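Me: I have a structure open and want to learn how to read it. Can we go through some features one by one?

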Amino acid sequence: MPGHGEERGSNRLREATPSLETGNILTTPIGYIESCFTAKNGTPRQPSVCSMSRAYLKINKNVFNNPEHSVMGLDQFSHVWILFVFHQNGRLSYKAKVQPPRLNGAKTGVFSTRSPHRPNAIGLTLARLEKVEGGTIYLSGIDMIQGTPVLDIKPYIAAYDSPQNTSLSPNELTVHEGQDESCLPVDEYTSIDCKAADLPLCSDEPVHSTVTDGCEAAGAKNSKEDKEPYLNCADSLKERKKLEGRCPDVAHVCDENNPSQSRTSILVAKQDPIHGVSNETTESGMDDSMRSRPTETRLESPEECTSKDLTSSVPCWVSNSPVTTLRVRFTPHSEMELRTFKAADDTDTEKTPFKYFQSPEEAKRAITTLLAADPRSVYRRKRCEDRLYYFTLDMVHITCWFGEGFAEVLRIKPISSLHHSING
Ligand SMILES: C[S@@+](CC[C@H](N)C(=O)[O-])C[C@H]1O[C@@H](n2cnc3c(N)ncnc32)[C@H](O)[C@@H]1O
């Protein structure tokens, strides 16, 4: 009988009749990923591993007659969440406990991992949005293979999606005596692209007090904002444009449990918000109850084997995996083979063009970052140490081997030449 301590499942989820109310929905992909990764082998385990990786997604005309309408405004975001189906899992099977590669053989609960083998085989990737052209979006920093069915796209909004930018729980907070927490010194809010001095950090007025984007869930019924959420969002966009592009992220933060305590925040990225993150938040336009909230975090004494940043924590196998980063080297022969690929500005017709990369150097950097993260499965790492490892990237077929603490690229061939020799 299912549900009686059963560890493995496959059929239970497929027996239900589709119905929105019960959550048994039939999905329709909005499109299929065109990716520089053609197979699972060698594909990074997370998008942050290889920022040079590229893909694009054309919104399907079966979903929207005018696909370009559905991505209108998306180009104003730097990153997007992609929800997709792990369509190459082989079959829909899953276990309650899995062995993530970073744990090198040890088990943990499937929901504590990003394993592709999960009850609904749904993946979640945060990708950089390079550009939008018509109904096609171009992405980089991805971990999805060619042909991946995409279920949904959502913009990445630091104010909603990063705990560093949301209300902290009271026992994580403390106020420093004498500090005016509503207006921290500008120089604490450094940013990559923007001059901190340009930012209205200490405005007496709310930056934009009527923004309701994201507040519907807070239950603010009957308010003007509730009826016209998109009109008010336009204010936010105007304000956002004024503050120039991707930095800072200006947003209205809603306290879901208490909508009256919603407030406007100005978020200034200290580093790349996605890969290695440190965002700072200051608040303006707060009501009194919010003003009494402290703004500086105090770290609790770190628990053993748990890594914490200011507002979130992960087990140490995520932040400090027992699997080491590998040194990567190329044999002189493989370096030479890589130079038979064509840079975007190269006119040599004898060379093989890339589909996604700009140059052999970029491809080399991508191969290096992929191998440094040790893409092998635990099984292969432990049982087939001495075997050759193959993978493809863009138009390149790579052969390498792994030794103690390193990976060495032995051979690099164009995929087309291999197809040619296989097909006769
Ligand atoms: C560990 S998963 C993480 C995916 C996503 N970032 C997440 O957290 O849900 C990434 C791995 O899934 C595999 N993968 C990517 N696309 C896939 C697909 N369409 N079907 C099955 N496996 C896929 C690749 O081997 C890749 O290394």
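This is a predicted model: local features need pLDDT of at least 70, side-chain atom pairs count only at pLDDT 80 or more; totals for chains, interfaces and linings use all residues.

Me: Let us start with the ligand. How many residues surround the ligand, and which are the closest?
Reply: To read a ligand site, list the residues around the ligand. Here 20 residues surround the ligand. The closest are Pro 44, His 87, Arg 114, Asp 143 and Thr 148.

Me: How do the residues of this shell divide into nonpolar, polar and charged?
Reply: Sort them by side-chain type. The shell has 8 nonpolar, 8 polar and 4 charged residues.

Me: Which strand gives the most to the shell around the ligand?
Reply: Strand 8 does, with 3 residues. Strand 8 covers residues 122-133, and strand 4 covers 79-85. Each of these two strands supplies at least two residues of the shell.

Me: Now the core. Which residues touch the most other members of the largest nonpolar core?
Reply: Think of a core as buried nonpolar residues joined through side-chain atoms. The largest one here has 48 residues. Those touching the most other members are Ile 82, Ile 137, Leu 139, Ile 153, Ile 367, Leu 393 and Ile 412. Helix 8, residues 360-372, gives the largest share of this core, 5 residues.

Me: What is Leu 139 in contact with, beyond its neighbours within four places in sequence?
Reply: Its contacts include Ile 33, Val 80, Ile 82, Ala 127 and Leu 129. Arg 54 and Glu 130 are among them too.

Me: Why does Thr 136 count as buried?
Reply: Check the relative accessible area: under 20% is buried. Thr 136 has 11%, so Thr 136 counts as buried. Thr 136 is in strand 9, residues 136-140. Leaving aside neighbours within four places in sequence, Thr 136 contacts Tyr 56, Leu 57, Lys 58 and Lys 131.

Me: Is Glu 408 buried or exposed?
Reply: Glu 408 is buried, because its relative accessibility is 14%. Glu 408 is in strand 23, residues 406-414. Its side chain makes a polar contact with the side chain of Arg 329, at 3.2 Å.

Me: Which residues other than glycine have a positive phi?
Reply: Read phi from the backbone, then locate the residue. Asn 104 is one of them, with phi near 50°. Asn 104 lies in the loop between strand 6 and strand 7. At 27% relative accessibility, Asn 104 counts as partly exposed. Ala 121 is another, with phi near 45°. Ala 121 is in the loop between strand 7 and strand 8. Ala 121 is buried, because its relative accessible area is 5%.

Technical notes
Residues are numbered from 1 along each chain as its sequence is written. Side-chain values use heavy atoms; hydrogens and water are left out. Helices (H or I, at least four residues) and strands (E, at least two) are DSSP runs, numbered from the N terminus. Buried means under 20% relative accessible area, exposed over 50%, partly exposed in between (1.4 Å probe, protein chains only). Contact means heavy atoms within 4.5 Å. A residue is near a molecule or strand if one of its heavy atoms lies within 4 Å of it. Ala, Val, Leu, Ile, Met, Phe, Trp, Tyr, Cys and Pro count as nonpolar, Asp, Glu, Lys and Arg as charged, and the others, Gly among them, as polar. A nonpolar core is a set of buried Ala, Val, Leu, Ile, Met, Phe, Trp, Tyr and Cys residues joined through side-chain atoms within 4.5 Å. A polar contact is a pair of N or O atoms within 3.5 Å; within protein, one must be able to donate a hydrogen and the other to accept it, and residues adjacent in sequence count only if both atoms are side-chain atoms.
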